[in-house]
Amino acid sequence: MESVGQRIKERRKMIGLTQSEISGPNLSVGMISLIERNLTNPSLKTLEQIAARLGVSVQSLLENKSEKGTIAENKQETITLLQGLMKAKRYKEVKEILAHLKEKDLDLSVRGAVAKIDGDLALQSDQYDEALIYFNDALIYLPPYELEQLISIYISLSKAYFKTRDYHKSIEASIKGLLLLESNYAPENTLLYLNLYFTQAYSYCRIQEFEKALGIMSQAFQLMKEQNCYFKAGSFYMLHGVVYLYLKEFEKGIVETEKAIRLLKENEEWGEVAGCLTNLGILYRETGEFDKSLNYLQECLELAISHQKQKHVLNSYYEMALTYYKAGNLSEAEKLCKEHRDHVGGDKELKATINFLLSHVAFKQNASSLSLLYIEEAYEDASLIVDNSLMTRCLQFKSTILHKEGRLEEAYQCLLCATQMFEHQTRKYYESFPEMRMEISEVF
């Protein structure tokens, strides 16, 4: 006969939740472990808390009875099941259950939860604009007392805005989530805090607000220490390394990135390990240690190939080409760029970056006409993805090429356009975001 602990463990695993994810106020991971191993008997209050997390009744845990009725009759349990399946990345099953659930008459709360799951499905399949629509619908449907669900939506919104390069809105969504967490009625959930801190810090890095990013990460590490919960610690160290790279504190960047690699390898997060190896390659390139740079980039390349991380494969080739360029080996840089430029598929950003580098190589080889052709291709791809930073750099370099060819008026107009674009983007940020800048100081 199954014990209560066994039934809790089976239900938790069935819906793909970890012990941390069903823990909460006055219910630690250690206590859940003891209950599941039948080393302690939970109180009724504890059972009520666990049952709520698992989407079942206390009676079903005590008596080994399945919840009666169909999916339509047990909508909240179905939502909990769907959330667990999402965590387990069993997307096909999620879609099948959602299709069945949507045929029924759903109350607003369930419609909100369904919209959130639809948004997460869209997010994982890179349909970011569609995801944003679902998440904003979920905010409308969910009642204000569903704080944990609302906070979870703001986490997903922040990620979706980040993916669409709208870093200001990503920051805004993360701040709203943090404000809800700070309320008296919010769940004490360290994982929610760390998720929000990470997307916010990452977004600040993207808009080059590095000091703010460091301040947020400092709070995240303090929280990890206080709660003895080091969720995403490897990713935070990785981001730390990136910040120090941009701040030109390369030795600090190397130390933080090496910490990240050790933690990420322990968790077998190979995609992020590959990213860290790339970052080490860049850091050593910036210190002028080109052989070390190439060694780390080669290690990243081999890891990416073995784990079929195609994006990291192509990026490794590009970074190796850039290292060869900075080391003065123009022919090797040109060879790598040309060999892999046509394999980037729909990655306009990487294609634009490769053409940008090819333009510099051709310019140093005194092939101004070819350099101009490459920079125009780079600008065209950058404009398709509205990468204003890269567009500005393309215009600046195009001005340099035109100046060398003696086309001084065209060079001046090109440089003027680059300056106006830079000023417009800077002004747009500071004019459209004053309230959020004030709210940041309130949160922290």
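Guide: Y202 is partly exposed, with a relative accessible area of 30%, whereas F162, at 14%, counts as buried (buried is under 20%, exposed over 50% and partly exposed in between, with a 1.4 Å probe and protein chains only). This is a predicted model, in which local features need pLDDT of at least 70 and side-chain atom pairs count only at pLDDT 80 or more, while totals for chains, interfaces and linings use all residues. Residues are numbered from 1 along each chain as its sequence is written, and side-chain values use heavy atoms, with hydrogens and water left out.

The model holds 11 aromatic pairs, a pair being rings of Phe, Tyr or Trp (its six-membered ring) with centres within 6.5 Å, called stacked when the planes are under 30 degrees apart, edge-to-face when over 60, and tilted for the rest. F162 and Y202 make a tilted pair, with 4.5 Å from centre to centre and 45 degrees between the planes. This pair connects distant parts of the chain, since F162 belongs to helix α9 (residues 147-163) and Y202 to helix α11 (residues 190-206), 40 residues apart (helices are DSSP runs of H or I with at least four residues, strands are runs of E with at least two, and both are numbered from the N terminus).

F162 and Y202 also belong to one aromatic cluster, together with Y167, F198, F221, F236 and Y237.
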